[in-house]
Amino acid sequence: MKLTRWLALCLSCAAALATANAAEYEVGEVISLTGVNARGGTGMHEGMKVAEAVFNQRSGPIQVKIRTIDDESSPAKAVAAVERLASNNVVAITGGATSDIVGPAATAADKLGLPFMTSGGTSSEFLTQGFHSFFRINNTNGYVKAMAGLLDTMQINKLAIVYSTKKSTSEMARMMQQLMVEKGVTVTMHPFESTTVDFKPIINKIRLQDRPDAINMIGYENDYVGILRATRVLKPQVKAMVGAWQIATSKMYQDFPDLVEKTYGTEMLPVPVTFNRPDGQAFEAAFRKLYPHEPDYLSQYGYVQAMLLFEAIDRAAAAGTLDKGGIAQELRSTEVDTIIGQVRFNQQGDNEEFMQNIGQHQKGKIAIVWPESAATGPIQYPGTPW
């Protein structure tokens with residue numbers, strides 16, 4: 001046997017032995033894989049599973065295993081899932097597709113003394129709940145600044161905001177209203193209940209009375225589909241349809257190409273995805289091994305939140321503080337550049353560095369069009385799906 005082959009075999013055996021001897025820690029994942037939040041929850045879940053694969057490929061002293069429970073987009077089932085996972089001795093909880101799920105789930109985790117990491121709880125109220133070990137990588141402020149920045153670039157004078165009355169979406173709508181009014185824009189507000197399926201009355205009112213330059217949609221996947229179907233029928237004379245999370249994804253275009261063309265939404269990277277940094281390339285390579293489609297910002301969120309949590313567990317285990325609040329301590333000392341940008345948690349667990357980009361659907365691709373410094377293609381403005 002040649003020396004190089006023998007050395008490679010020895011290194012492979014050593015790595016396998018190290019993995020076999022590594023301590024394994026289970027992390028609970030409470031996520032919406034079915035129900036109204038399934039599209040967003042599935043994207044985050046995929047990113048978390050990629051993080052698990054990438055982390056476990058390292059020859060470190062620990063391995064992690066994700067134990068997943070589908071909360072079915074139900075807050076009550078999310079609480080039950082946290083309690084069940086706690087009884088199985090997980091060391092932390094991650095997940096939560098929306099603020100309505102994150103709130104009760106994080107409360108349950110806090111009572112049980114478990115760290116909770118999410119990218120789905122953006123509402124500001126979580127920072128005043130007195131949680132001991134709640135962490136999130138994104139927040140409402142980062143989305144609002146991005147959407148307002150895009151609309152400011154368009155120099156619009158009138159804006160209609162159509163928003164779900166759910167907790168996080170209502171907060172985002174109010175913040176958007178305040179910021180745009182401060183910029184001198186006339187803003188009209190149109191709330192809707194989460195059970196709404198026919199948006200034609202709202203869109204018709206906007207078309208006949210408001211006559212805005214743009215419509216800002218603040219909701220979730222099913223809401224966007226309903227709103228865009230109504231605008232396709234009524235054709236209001238607007239120059240742009242701007243959404244928030246969960247619209248600028250390849251999956252939305254695959255399922256509804258006639259509805260989302262030229263719409264805008266928050267997005268970190270273009271589609272097809274291009275990564276220039278080693279950590280991004282490692283994420284993409286691992287993602288493509290597991291899934292037959294493009295990663296999007298939801299999977300990036302899932303990856304980052306899980307990887308930061310796994311690394312904190314690793315450091316706490318090495319320091320012997322896992323059962324002494326060590327995971328939370330390690331997360332609070334985190335300051336790192338990730339594939340979604342800088343992450344630095346304050347004492348309330350909020351990532352103060354978070355800022356989104358804006359992507360636009362353009363014939364099956366998503367171009368980053370705001371800010372100019374991150375743009376991968378020209379903005380198509382004015383432009384609507386109809």
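**Figure 1. The largest cavity has a volume of about 100 Å³.** A cavity is a set of points, on a 1 Å grid over the protein atoms alone, where a 1.4 Å probe fits but cannot get out; lining residues have an atom within 4 Å of a point. The volume is the space filled by probe spheres set on the points, which are joined across faces, edges and corners. The model is predicted: local features need pLDDT of at least 70 and side-chain atom pairs count only at pLDDT 80 or more, whereas totals for chains, interfaces and linings use all residues. Residues are numbered from 1 along each chain as its sequence is written, and side-chain values use heavy atoms, without hydrogens and water.

**Figure 2. Lining of the largest cavity.** Of its 16 lining residues, A97, S119, G120, W245 and Q246 are the closest to the centre. The lining has 8 nonpolar, 8 polar and no charged residues.

**Figure 3. The second largest cavity has a volume of about 30 Å³.** Its lining consists of A106, D110, L114, F116, F131, S133 and F134.

**Figure 4. The largest nonpolar core has 98 residues.** Such a core is a set of buried Ala, Val, Leu, Ile, Met, Phe, Trp, Tyr and Cys residues joined through side-chain atoms within 4.5 Å, where buried means under 20% relative accessible area with a 1.4 Å probe, protein chains only. Residues with the most contacts inside this core include L151, M176 and Y303.

**Figure 5. Surroundings of Y303.** Leaving aside neighbours within four places in sequence, Y303 is in contact (heavy atoms within 4.5 Å) with G47, M48, V50, A51, V54, F283 and I339.

Key
Buried means under 20% relative accessible area, exposed over 50%, partly exposed in between (1.4 Å probe, protein chains only). On a 1 Å grid over the protein atoms alone, a cavity is a set of points where a 1.4 Å probe fits but cannot get out, and a pocket is an open set with protein on both sides within 12 Å along at least five of seven lines; lining residues have an atom within 4 Å of a point. Ala, Val, Leu, Ile, Met, Phe, Trp, Tyr, Cys and Pro count as nonpolar, Asp, Glu, Lys and Arg as charged, and the others, Gly among them, as polar.
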